[in-house]
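The model is predicted.

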Amino acid sequence: MPGGLGAAPAFARSGRPQAGWGVQAGDVTTDSGLVWVRSDRPARMIVETAATESFRNPRRWHGPLLGAGTDFTGTTRLHGLASGEQIHYRVLLADPDDPRRTGEPVTGTFRTAPVKRRRDVRFVWSGDLAGQGWGINESIGGYRIFDAMAKADPDFFLCSGDNIYADGPIAATASLPDGSVYRNVTTEEKSHVAVTLDDYRGNFRYNLLDSALRRFNAQVPNIIQWDDHEVRNNWYPGEVIGTGTPYPAGTRLDDLAPRSRQAFSEYFPISTISGRPDGRIYRVINHGPLLDVFVLDMRTYRNANSPDNQTADPVGILGREQLEWLKRELAKSRAVWKVIANDMPLGLVVPDPVEGKPDFEAVAQGDPGAPLGRELQIAELLRFIKHRRITGTVWLTADVHHTSAQHYDPSRAAFKDFEPFWEFVSGPLNAGAFPANALDGTFGPDRVFVKAPTTANVSPAEGYQFFGEVDIDGESGEMTVRLREYDGTVLFTQTLQPGRVGR
């Protein structure tokens, strides 16, 4: 039986379909967007759009039939929308046998991207939700960080992965260092690690029990990527789990990953998936003349975690096909700013110790010399960016559960064939916070700012929850990056000039 029912949507069954899980929009462009909903029973999805909240003279879109095959979720693509405008939408769920019988409409809104440069662009980013056993705690406002992000009135939210912790059960209570108790909303699916498709679906549903997240989804469209905890901590293709874990010995991650991907595709509106479990996650979102967002997938195509010190690495962390796609898209981009959304950091050392072996999970392995292992692929990309004279690249990530700003410069680096760039780290949204990771000197990072706890797994009740905000000025083209705490307090600000590299 779920605990903390005040956070949960109402599901009183009646003769009409209900959309108690709210709505969300995703992958919004200058003239299109995706709208998502979940029904409590079989229903036909209908979306109406209008220029105002009164919904006078609405435009109607007939969406899919929602049924058990997609866990009663569905996405409708809206196209031919006005650019640079506030779009109001409402979702109606109709009885499949009697279209006149519809449930209460659920409303949302989003802004389409501008065609003209002069309009400012603002977005927020973070990652890592409900990790390390820290779930929805109503006594601290649930996922309160989403209310702070909503106050910024962003054009979109970039989630850098770990939308769920499928490998992290959530108990009803957890003890805090001061002797108090952290109390979680609980569900059956979050009482154990996810193995079945229904388990993974339940993990995504769990987050939607939070009212702050549902309010945020109705106001701010998403750009979603995934990372490891959507399946299991530090997973890679081909991995087989041994004994000593909550999973059955011999569990193949290649069996679990497709189940998670299907649930992921059902619970988020993503343009490259569109309800197809085999669809890819990496993509570029064109947000007008000021901004392109390159959403990477550093999980699906990577090689195995290892000491990462090989002198040749054709697969790397992206895989060859995704790397070539990224090069092509960067080269043809005419946007002033090219945000590379990397779900794992470049120069921060992320260990993955397995039975005493010094394996590594991200790109860096702590050797400050010439590129080795996965660094070889990043070096190839950085060299390409330099020699093709691609300007305005900025890297945004999460994953490491603290916030920081790193400036990379060849004058400090062992590998020198690249132009300076910035990487900004944010998160977690609602998960354990951890001390700052060590830096690897291969690409010359200088950690200009960091805020992190000194002890591991600090709870959301104790702070250390972060998000980042990016503002692009429509007149000057300047990009201002702010790192913020869960309540919106600004910790660090960096302004970057368009058409230049480095500082």
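In which sense do strand E17 and strand E19 pair, and over how many bridges? Strand E17 (residues 393–397) and strand E19 (residues 421–425) are paired in the parallel sense, with four bridges. Within E19, tryptophan 422 is the residue opposite valine 394.

Both strands belong to an open sheet of seven strands, ordered E14-E15-E16-E17-E19-E18-E20, in which the pairing is mixed. At the edges are strand E14 (283–286) and strand E20 (445–451), each of which pairs on one side only. From one strand to the next, the twist averages 20 degrees.

Helix H5 (residues 320–332) lies across four of these elements: E14, strand E15 (291–295), strand E16 (337–341) and E17. Relative to E15, H5 runs at about 180 degrees.

H5 also packs against helix H6 (residues 375–387); the angle is about 15 degrees and the axes are 11 Å apart. Angles under 35 degrees count as roughly parallel, so H5 is roughly parallel to H6. The crossing of H5 past H6 is right-handed. The residues that make the contact are listed by helix below.

| Helix | Residues in the contact |
|---|---|
| H5 | Arg320, Leu323, Glu324, Leu326, Lys327, Leu330, Ala331 |
| H6 | Gln377, Glu380, Leu381, Phe384, Ile385 |

By class, the residues of the contact of H5 with H6 comprise seven nonpolar, one polar and four charged.

Conventions: Residues numbered from 1 in each chain as written. Predicted model: local features only at pLDDT ≥ 70, side-chain atom pairs only at ≥ 80, totals over all residues. Heavy atoms only, no water. Pairing = 2+ DSSP bridges. Helix = DSSP H or I, 4+ residues; strand = E, 2+ residues; numbered from the N terminus. Axes fitted to C-alpha atoms, helices over the stretch in contact; angles between N-to-C directions. Contact = heavy atoms within 4.5 Å. Parallel < 35°, antiparallel > 145°, perpendicular 65-115°, else oblique. Left-handed = near helix turned anticlockwise from the far one by under 90°. Nonpolar A, V, L, I, M, F, W, Y, C, P; charged D, E, K, R; others polar.
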